[in-house]
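Please look over the sequence and the fold below before reading on.

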Amino acid sequence: MSAQVGIVPSHPERLEQLIPEGNLEGGTPFRLYYLAAGSRATGRLILVDEAGPAFEIFFDKGVPTYVRSTSAHLSLGRYLIAQGVLDPETLAQAQSALQQTGGDVIEILSRVSRLEPLEAFEILSGYGRALLARALVLEAGSFRWLAGVASPPGASPLGETWTLVRDAGRRLSTETVVRWLGQWIDQPITRADDGLVSLDSVRLNGEEVRIVASFDGRRSLAQLAAASPASTETILRLGYFLAELGFVSFLSGPPLPRPPGIALHDPGEGGATAYEFTVGPGRRPIEEFTPNQPMQTSGPTAPPPPRAAPRPRPAAPSAGARPSAPPLARPAREAGPKEAAGLDAYLASLKGKNHFEVLGVTKGASGAEVKNAFFRLARLYHPDTAGPGSDADRRLKEQITARLNEANHVLGNDRRRADYVLEIETTSGPEASPMDIARILEAEKLFRHASLLTKARRFREAIEEMDRAIELNDAEGEFYAWRAFARFSATPDKRKVEVQVADELRTALAKSPNCAMAYLFSARIANVLGDIRGAIQYYKRCLQLEEGNVDAMRELRLIESRTTR
């Protein structure tokens, strides 16, 4: 059976379940990943780029465990050199040792580079994650799904299943996303649910959750991007890859008007149409690993912090002497749960914790403290510490190790750590619990209802609904703006609430500086209070932020016509 699959709305024959083979279009790998992970499938997914290189992604009950590629440009050897782990000469020694002994890659790396085994494991994990991110952005080619194929020996989870695909989606460049979206960029976008998993699993940050809440079926991605220029890249990227995963969809019908500043260029026959946005350079997919020489193997979870220079190597042995391999250091066996029940309880306790809590360090912990905490836990829960025949223990420890790797991957790098701290501070309270997407979406629903009540002049009811929306999500400036206007309109003595309403509008603009509605309501209030000059300034500012706002244009014309008589 073969099928052509691609972005949700543009292909009626969209892939609804894993099939043996089919054709790739831009974004299809995201959909295939979603189906394999969401259905907890076990098997091997082969993605073949039309240019030739292939990727193999192994899943074990929906969890990606191993990735490899036939591309020499994406070889492990190039990755190790690019990371500063090995130089070309040491890489050649490692390759020679693999050819002669066929030994374990971690053992070979530990021997030739003086890396601890766990450090070597971490580096191989990073390589696997890098390959996965690269595979998910293939634009054309074919795929095959081999159900029931087991992962290679030594494979372990690459990380948290939905965090991996989210991070790959964040890597998409704006140019790529716009090309893949095509004309659907002008169709209304709305939230959807394929039913396999909840959107909460993707663990979006605060900005992303607010953007998804704005996918209300009334506006297109182009309109949303034009209304929030600073978030253009995030809006387009989210709209695209969440549509491929099945969490949002596009509504068919006549295209919505394209806002000014967004142009569609047609290069003519043989060329592809493309949108042009005024945005900064997008993050691009992982490119090939630069320097040299392949080391044909691959492995499983989280890129380590970049190393400035290769580690010093042991002194070369005297002529004729055969170098002896130092004994492979095994993970220390500290006290810890030895039975599956204890491990299962510990794994369950990690759910809902942030990365600092997982490693047991504070937000102010130094890089060395993070590293020490990671290695202490990694030695304790390394899969190799499971006893012979303890398959259940090994599987649980593999999952625990993947969670530890995920935390170390983020906190072990200054840039990723800073981004993560900002993320948890903007998406959660002081305990840094995961963002409750359901609360954000419920707040948006209440806000929409309150705005309709305001337009119907049912101001008291609107204020009550807006109070509940702000209680659920107090980060949206527009909520405060609508409540201020409803409060002003509901009060017969306008001067009595003038100060309170002004404070609330200032709060709205402090939270959302580009909130056009805050300026529209300020203009209306100023007009009622007799401040005509202020009203005109507010109307003009509203139109600067939202060109084409019908209410602002009409009311400004009326007020200007009165002042010129």
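Which residue in the turn of the β2 and β3 hairpin has a positive phi? That residue is G52, and the hairpin has 4 residues between its strands.

## About the model

This is a predicted model, in which local features need pLDDT of at least 70 and side-chain atom pairs count only at pLDDT 80 or more, while totals for chains, interfaces and linings use all residues. Residues are numbered from 1 along each chain as its sequence is written, and side-chain values use heavy atoms, with hydrogens and water left out.

The score pLDDT is the predictor's confidence in each residue, from 0 to 100. Its mean over the protein is 76, and 75% of the residues reach 70 or more. Residues 264–287 stay under 50, and for them the model has 56 contacts beyond four places in sequence (contact means heavy atoms within 4.5 Å). Over residues 428–435 the pLDDT is also below 50, with 13 contacts in the model beyond near neighbours in sequence. Where pLDDT is low, the predicted coordinates should not be read in detail.

Helices (H or I, at least four residues) and strands (E, at least two) are DSSP runs, numbered from the N terminus. Two strands pair if DSSP finds at least two bridges between them.

Strand β2 (residues 43–49) is joined to β5 (residues 141–147) by 7 bridges in the antiparallel sense, and V48 stands opposite S142 in β5. Strands β2 and β3 run antiparallel and share 6 bridges; R44 has F58 in β3 as its bridge partner. In the turn between these two strands, the phi of G52 is about 130 degrees.

Strand β3 (residues 54–60) has 6 of its 7 residues buried, so it is largely enclosed by the rest of the structure. Buried means under 20% relative accessible area, exposed over 50%, and partly exposed in between (1.4 Å probe, protein chains only). Antiparallel pairing of β3 with β4 takes 6 bridges, and here the partner of F58 is Y66. The hairpin of β3 and β4 has 2 residues between the strands, and K61 takes a positive phi near 55 degrees.

## The sheet of three strands

Another open sheet has 3 strands in the order β7-β6-β8, with antiparallel pairing. Strands β7 (216–220) and β8 (248–250) are at its edges, each pairing on one side only. Neighbouring strands are turned by 30 degrees against each other on average, direction ignored.

Between β6 (residues 188–191) and β7 there are 2 bridges, and T190 has D216 in β7 as its bridge partner. Helix α10 (residues 232–245) lies across β6 and β8, running at about 100 degrees to β8.

Helix α7 (residues 174–181) is largely enclosed by the rest of the structure, because 6 of its 8 residues are buried. These include T174, V177 and W180. Just after α7, G182 takes a positive phi of about 60 degrees.

## Cores and cysteines

A nonpolar core is a set of buried Ala, Val, Leu, Ile, Met, Phe, Trp, Tyr and Cys residues joined through side-chain atoms within 4.5 Å. The largest has 76 residues, and those with the most contacts inside it are Y33, L47, L221 and L242. Beyond its neighbours within four places in sequence, L47 is in contact with residues including L24, F55, I57 and F143. A second, separate core of 37 residues includes M466, V497, V501 and C515.

A disulfide is a pair of cysteine sulfur atoms within 2.5 Å, and the count by this rule is 0. The sulfur of C515 is 8.9 Å from the closest cysteine sulfur, in C542, which is too far for a bond. C515 counts as buried at 7% relative accessibility, and C542 counts as buried at 0%.

Key:
Axes are lines fitted to C-alpha atoms, for helices over the stretch in contact, and angles run from 0 to 180 degrees between N-to-C directions.
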